[in-house]
Amino acid sequence: MSSSDYTKLRKFRQLNGFNPNNSAGINIQNNMIETVVNSVYSRDLFDIPIHGPCTYTLNGGSCGGTTGENGTINYNGIEGAPVSSVCIQGENVPYYPAGANTMGRTGPRGLIGPTGSGGPGPEGPPGLSLEYNLFLQPSSSSSIPDNGGIMIEDPSMNLPQKTLSYTFSSSETAPVEIVSFTTQFTTISTTSVAQGLWDLHMYAGINQSSSDVVFYMKIYQLDQSNNETLILDGESSASLITGFVPNNRYVHSVYFPFYSLPDYESNIRIRVYAKQYQSNSTLDQTVTFFFNSSTLSYLRTTLANQILPKGPTGPIGYTGPRGIDGLDGSATNTGATGSTGYTGSQGLIGYTGPQGIIGPTGPYDPGMAGSLLFYSDFTKSDAINDYGDLKIYTTHNYLQNLNNNNVIDPSAVDVIWIGNAWLPSDETPIVDANVGTYVTKLVVPNGVPSFLAFEISTASSDNTNGTSIMIVTRSGTIVYKRRVNSAYATLVSYTTKHFWNQFQSGDIITFKTYEGNTVGNNNTPIIEDFAETNIFSAPLSNGLKIYAMINL
């Protein structure tokens, strides 16, 4: 039976079913089946039985079927097929329901075709590894901060446990640097640092239970001259240290962006800070960090590529063709410059020629050094036996010494200062009823040298030393604060001087002076209109002068 006949038989059964009363159907089916069931080759080829189990043998017996209308053919009791068509002596095939025998046996696999043309693709760029752990080993110093710590790949387990502690007062909120650690690279294989998380694992503890102390790190790049450049400040993601836990491991994580180091001799440095927020306790609390031994604090980084070995140097390329004679070619890949040869011995000095005619003297420009940049001849402080803000008067009323009486002349108002660019634009001068108007600060204008000198004159009446404090504030931070003293006697002026060489445009300058309990009576400028002089109220004048100490 061919495969097409077998397919026809299955379609016939699907459309018409088995109909023993249809002689034409019986004959067609029997003929088709006969070629399958009575041919060993066909059964082995298709390997799918068409009818159910059979116990009939060709030598006689019964398949348990029923006799059909022709009286000669037994039909299988399960499917109704002619027994003589499906029963072969000695066979006992498994039963499959009608319709299950829908797939033939898989044919043999064909030959493998030839490999197509092509080959390995181009080599991709080198990958970046992302994890490299460095253990933190502080120096032998116990001072805070410890600036001698190092980061190493293989820690020594023989080192004893090391602790670094700092005690915060109950009101202290400024960050405190505890320790710094530096990598020990002598040379690195690449200047590219992969991006990823950097995790600082620190063992730490606090002796109080307030839970308001955090720690964080700042990450710096060090060039071969050991100059620091800040890469990342982790204060905004600081990690809390749980209060009253003696020794626990905490993790401070920051995202490190892709970064290119400046050279192959670069290193990385981290600085570890502790910060106390407003304490919930009135007691001082001590934070302690642990290192070495059983408390191995470490830093997980993305510096793995920096320690990979460098590949071999490739071969030198071919030398290009020589250019045309007489024409200078442009240098391209120039080799390294050789070392300088030895200097030969100095020859004899020749005779000195005659001196030429001296030329005319050029113009002289003294520059700004020593120039007076600001001047006000009247200053005052209202404090009594204490430090008070120095009032810098921009206008004043004259006092007349008439018949030994100090009389205010409101009509005689004068502006007795130069350098109005120093006056603060955000502060309106304050009116002092009997004296004039004043400000309490000055602002360094543009174009002023960084090195300035200040002279503050103050009248006195007590036999003590005069004291003045100058404060320089930059962007809300005090960058300079110094106190100077000057000796004086009763009823004379004394002068204090301040010097600083790091002024910048926009710096805010304020002063505080110490005043005795009788200074105020002699702290106004006195103008003599007549020859009489009151010896108990000498004509003293106080003022502020600012000088440039270097040229522009």
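Predicted model: local features only at pLDDT ≥ 70, side-chain atom pairs only at ≥ 80, totals over all residues.
Start with N292. This residue sits in the loop between β15 (285-291) and β16 (298-301). Is N292 buried or exposed? Its relative accessible area is 8%. N292 is therefore buried, since buried means under 20%. Which residues does N292 touch, leaving aside its neighbours within four places in sequence? They are L136, Q137, P138, L159, P160, Q161 and K162.

Now turn to charge. Side chains of opposite charge can pair when their charged atoms come close. The structure holds 11 salt bridges.

Take R300 and D199. Their side chains form a salt bridge, at 3.5 Å from N to O. R300 belongs to strand β16, while D199 belongs to strand β8 (residues 196-206). The two are 101 residues apart, so this pair links distant parts of the chain. R300 is partly exposed, at 22% relative accessibility. D199 is buried, at 11%.

Next comes K275 with E235. The closest N and O atoms of this salt bridge are 3.1 Å apart. K275 lies in strand β14 (residues 267-276). E235 lies in the loop between β10 (228-233) and β11 (239-241). The pair therefore ties together parts that are 40 residues apart in sequence. K275 counts as buried, at 15% relative accessibility, whereas E235 is partly exposed, at 27%.

A further salt bridge joins E455 and K497, at 3.6 Å from N to O. Here strand β26 (residues 452-459) holds E455, and strand β29 (residues 493-500) holds K497. They are 42 residues apart. K497 is partly exposed, at 44% relative accessibility.

Salt bridges can also share partners. That is how E177, E228, R269 and R271 join into one network.

How values were computed:
Residues numbered from 1 in each chain as written. Heavy atoms only, no water. Helix = DSSP H or I, 4+ residues; strand = E, 2+ residues; numbered from the N terminus. Buried < 20%, exposed > 50% of the residue type's maximum accessible area, 1.4 Å probe, protein only. Contact = heavy atoms within 4.5 Å. Salt bridge = Lys/Arg side-chain N within 4 Å of Asp/Glu carboxyl O.
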